[in-house]
Amino acid sequence: MTLVLENQVAVVFGGAGIIGAEMCKALGAAGAAVAVLDMLPESAQKVADEIVADGGKASAFQCKADEEDSVAAALKAVHDAYGRIDICVSSIHRQFIPEFVVNQTWEYWDRHIEAIKIHMFICKHTVPYMQEHRYGRIIYISGGMCRRFYEGGSAYSCVKAGLNAFTKTLAMEVGKDNIMANVIAPGRIVDESGGLTSERANALDSKAEEDPMDDVCEAPTGQYATAKHVAECVVWLASPGCYNTTGQTIYVGGGEIMPMP
């Protein structure tokens, strides 16, 4: 991969997850120094070690993203270590089991709404570092279910649609500082063999239910999104070449989701 991100510093929240780890590795391969942020320090360190073993630059930082002080402290630690923050990526959203509205509790909704709180904390404490250098790339990982719906997904779809609106407003506020803010909304995420990711499979196994997304139409390309597809899109949105694209939601999934113009 071309070193399009050489001399840049990227922070990835949820960097030890399946998608997060793939994004970290892709950013590292593109030349960025990667700060792997996760609530599980051992898992974050493992991802950082893999990047370094492949010749890249990376460090692990523990961060409890649902606590504002922890987010602020982690970002300060990254800035102290590297002197700048150019790229910020967040894929944080808890795994969930689909529930019909009549079976939902507010505690169930809170698990989803928490993601919006996290994204706000991240934005609030990342943007000032980018404004120092009048440069930045902010990328949130949303979900295709913000535009295509299925039974039991009301809370998830609402929160992902809200994240899209949040990012568009953010793009308006920071565009003058040469900071681009965009969303990637993957369709169904599968592993390299085309099966469910382990995170999704484990969540469903806990209730011994079939995945309701088995009923959705297939992608025109014949291939659903993988973590690698998402990571490759992240690298482009994080690059200096993406210098005038902001406030956009990009659907990654082989054409599985095609919003009307």
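**View 1. Cysteines and the disulfide count.** The count comes to 0 disulfides, a disulfide being a pair of cysteine sulfur atoms within 2.5 Å. The sulfur of C233 lies 8.9 Å from the closest cysteine sulfur, that of C242, which is too far for a bond. C233 counts as buried at 13% relative accessibility, whereas C158 is partly exposed with a relative accessible area of 46% (buried, under 20%; exposed, over 50%; partly exposed, in between; 1.4 Å probe, protein chains only). This is a predicted model, in which local features need pLDDT of at least 70 and side-chain atom pairs count only at pLDDT 80 or more, while totals for chains, interfaces and linings use all residues. Residues are numbered from 1 along each chain as its sequence is written, and side-chain values use heavy atoms, with hydrogens and water left out.

View 2. An open sheet of 7 strands has parallel pairing and the order 3-2-1-4-5-6-7. Its edge strands, each pairing on one side only, are strand 3 (57-62) and strand 7 (249-252). Strands are DSSP runs (E, at least two residues) numbered from the N terminus, and two of them pair if DSSP finds at least two bridges between them.

**View 3. Strands 6 and 7.** Strand 6 (residues 179-186) and strand 7 run parallel and are joined by 4 bridges. V183 stands opposite T249, a residue of strand 7.
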